[in-house]
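Subject: Structure handover

Hello,

Here is the structure I said I would pass on. My notes on it follow below.

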Amino acid sequence: MMGRDSSVMKAWEATVRKTQAVAKKRANSIFGSTYVAHADEDDHHNNTNDEANGSDGSDLYQAERVLPNGDYYKGEWADNFPHGKGKYLWTDGCMYVGEWFKGKTMGKGRFTWPNGPSYEGEFKSGYMDGTGSYTASNGETYKGQWVMNLKHGHGVKRFANGDEYDGEWRRGMQEGQGRYEWEDGSYYVGEWKNGSIWGKGCFVWGNGNSYDGYWEDGLPKGNGTFKWGSDGSFYVGNWSKDPRDQSGTFYPSSHEGHLEWDPQHVFDELLGGYEVCVGEKVSILPSQKRLAVWRSTKGGDGAKPRRKSVDGRVSVGLERPNDRMQMWGGVEGDFSGSKTPTVQEGVLDQELLALSLDGSIAKGTHHLQTLKAPRKSRRQGETICKGHKNYELMLNLQLGIRHSVGRPAPSASLDLKPSAFDSKEKVWTRFPPEGSKYTPPHPSCEFKWKDYCPVVFRTLRKLFKVDPADYMISICGNDALRELSSPGKSGSFFYLTNDDRYMIKTMKKAEAKALLRMLPAYYNHFRVFDNALVTKFYGLHCVKLTGTAQKKVRFIIMGNLFCSEYTIHRRFDLKGSSLGRITTKPESEISETTILKDLDLNFIFRLQKSRFQEFCRQIDRDCELLEQEGIMDYSLLVGIHFKDISENGDLISSGSHTPAGDSESEGTPCISRADMDQLLLDPTSRWASIKLGQNMPARVERTVRRSDCELQLVGEPIGEFYEVVLFFGIIDILQDYDISKKLEHAYKSIQYDPTLISAVDPRQYSRRFRDFIFKIFSEDS
């Protein structure tokens, strides 16, 4: 085993040396043979001077550097990062000129793409964020507000064909009040939704005719008035694309005018040539660009320098050439935040396998065992009462949270200052048993308490619509917390509140650092996307026990995805990899709380059309956030509640009680009559709280894997459907692609197919994860 590890490291070092030589050669070919100090040499020189002067290496100075991968930087520099004003040129031709803050584009600047587009305006943490102007290669422009690379707020967009939109944007699309004018002078003023005319508004044609009323998806729908500009005649009625649903009254200004006019003429001809333009796509977003910056080692121990990325993550040396292509290459995207599921080579292989089926699965469905609901389990967790080894730790946590949440604080604006995200302000609150001026007396031992970024998490709780009093009662009330029976794979311990609303997890220092580093992007993500599926974090705290040990315990408070009135019958943790992704428990030991994995999954999830489209868009957005923050190893946690179970525990498929030929009831999952009555009586009932990932009615279709394909990720659907309620969200979002994960990838790649293992770089992980999710979720047609 040691010999194999040694060979891996030797191969790695050889790759690093080879890649360095290639990078230097490419740098000379791009910028000429004139000598410019390399980052590693310059850092070594500066560190020597810093040590002689007693400096910490954070002084600001001018630098001009050709970095080891061929990138070029000229400008102000501090602590191994661009800091101040400077110009950075990537080898693919992208360039940024403007203000920097600790290696991130922050402030005012200009970013240009090699094929012509440019953005000039404000940046925050690498994102186009604030007020700015974008000019596309085809000449279209946008001037207005941005949030995390997306048009968000008021803005004016002039399209290449001469059209213009002036109004509100949300998540990269027109939404709210806006005015759109076509090249021929026709215009619409009114409400928009998801980039389409939707709501109340007025459309005026170039000849003076107009329609004033309600719209849906770009067409008149509902009450409205069509008026002729030539003579003042008008038609008032109910509008619909289906002529059978149209009704109204015509009021001519004279006996001769427009008597044979048909309202269908508006749909067939008048609106035919008026489409809303779609913006030009860009090859890569500024936040996806990475800086190749060398971080020097201090102390003169001769250790090799480690490369650090733009967002502060340390990577192992230089990437292999293939990795470099993935890191610097562009991904097709746009400012709307929407993507279509991509297809990998593995899909073709699976389609070829499907073509080779001889029908044995379809013909043999009557031999399949009837699915049964898993055995019921007791309530999760052990109540932490007096005498429990973690009893005092629980008391400390509850005291600290009561102190933090209960403190009066000014109502914070949603626009937080950068200082709110600074985690370096180490202010500890001491909790002596006898109490102090700021803390109450308590029966526990003395400890110290720290809140990380309290203003940010307080504002997040406000965004998540969490009432402070309810939050404090759930965690710090008279009911004790419950500790889950066994720690997770990471070694962290999990605690549940008595009402199951919140989960508390102990964290490693590296996880806390990852969260604090990505906190600005995480916060902005939830500001823009209120239906984001990534884990909701409510607070990050640390308890420091006094005494000789000085032990620190960090806690993160999260929402419990499965807090529901429904019984969760099946739970799946899905990553899109196959190596080791199967439960080791025998069938007899699987209960409702057992977490099953990818190779245990025997369903395809069918969502209603609008829900499926929303789901795909949000998965894309969430994965883009995690990819840009260098996060991998996350998974989609899915909980299934089966609506129909027989008395002996058999799952009842929907086909057994659906009337034959009732096509209307087959297409989409419906709310039952009893549930509808409950919704009418109680608007706060569980059906009223349906949202993406929570309480979602759906159908699942049973799948069967081929017996001769052991690692087939997605089985073959057999047409057996079940009515369900789904719960899902993206969890474990704090794992960096750090040295341990890179070594794990290198080691396992020798033994197994690299595409099957979980530890891969964030970009590859995101692509594989999305491809898998878009295979197991589909539209219920």
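Contact here means heavy atoms within 4.5 Å. Axes are lines fitted to C-alpha atoms, for helices over the stretch in contact, and angles run from 0 to 180 degrees between N-to-C directions. Helices (H or I, at least four residues) and strands (E, at least two) are DSSP runs, numbered from the N terminus. The model is a predicted one, in which local features need pLDDT of at least 70 and side-chain atom pairs count only at pLDDT 80 or more, while totals for chains, interfaces and linings use all residues. Residues are numbered from 1 along each chain as its sequence is written, and side-chain values use heavy atoms, with hydrogens and water left out.

Overall figures

The chain has 15 helices and 35 strands. Of its 781 residues, 49% count as buried (under 20% relative accessible area; exposed is over 50%, and partly exposed lies in between, with a 1.4 Å probe and protein chains only). The accessible surface is about 38,200 Å², and carbon and sulfur atoms account for 51% of that; areas come from the Shrake-Rupley method with a 1.4 Å probe, and for residues only the protein chains shown count as cover. Taking contacts between residues at least 6 apart in sequence, 55% join residues at least 24 apart.

The seven-stranded sheet

Seven strands make an open sheet with mixed pairing, in the order E30-E29-E32-E34-E33-E31-E35. Two strands pair if DSSP finds at least two bridges between them. E30 and E35 (777-779) are the edge strands, each pairing on one side only. Within this sheet, E32 (residues 635-642) and E34 (residues 716-731) run antiparallel and are joined by eight bridges; His641 has Val725 in E34 as its bridge partner.

Two helices lie across these strands. Helix H11 (residues 609-628) lies across E31, E33 (696-704), E34 and E35, and runs at about 140° to E35.

The eight-stranded sheet

Another open sheet has eight strands and antiparallel pairing, in the order E21-E24-E25-E26-E28-E27-E23-E22. Its edges are E21 (382-383) and E22 (428-431); each has a single partner strand, so one side of each is left without a neighbour in the sheet. Helix H8 (residues 454-463) packs on the sheet and touches E23 (447-451) and E27 (537-545), its direction making about 145° with that of E27. Strands E26 (residues 502-507) and E28 (residues 552-559) run antiparallel and are joined by six bridges, with Thr506 opposite Phe555 in E28.

Strands E14 (residues 210-216) and E15 (residues 219-227) pair in the antiparallel sense over six bridges. Asp212 has Thr225 in E15 as its bridge partner. The two strands form a hairpin with two residues between them, and Asp217 in the turn has a positive phi of about 55°. E15 also pairs with E16, again in the antiparallel sense and over six bridges, and Lys227 stands opposite Phe234 in E16. The hairpin of E15 and E16 has six residues between the strands, and Gly232 in its turn has a positive phi of about 85°.

Phe234, Val236 and Tyr251 make a nonpolar surface patch of about 230 Å². Patches are made of residues with over 30% relative accessible area and no salt bridge; like charges are joined within 9 Å, and nonpolar side chains (Val, Leu, Ile, Met, Phe, Trp, Tyr) within 5 Å. Val236 is in strand E16 (residues 234-239) and counts as partly exposed because its relative accessibility is 33%.

Salt bridges

The structure holds 22 salt bridges (a side-chain nitrogen of Lys or Arg within 4 Å of a carboxyl oxygen of Asp or Glu). One of them joins Asp598 to Arg581, with the closest N and O atoms 2.7 Å apart. Asp598 is in the loop between E30 and E31 (603-607), and Arg581 is in the loop between E29 and E30, 17 residues apart. Both residues are buried, and together with Asp573 they are linked in a network of salt bridges.

Glu592 and Lys376 form another, at 3.9 Å between the closest N and O atoms. Here 216 residues separate the partners: Glu592 is in the loop between E29 (570-574) and E30 (595-596), and Lys376 in the loop between helix H6 (360-363) and E21. Glu592 is buried at 9% relative accessibility, whereas Lys376 is exposed at 65%.

Regards
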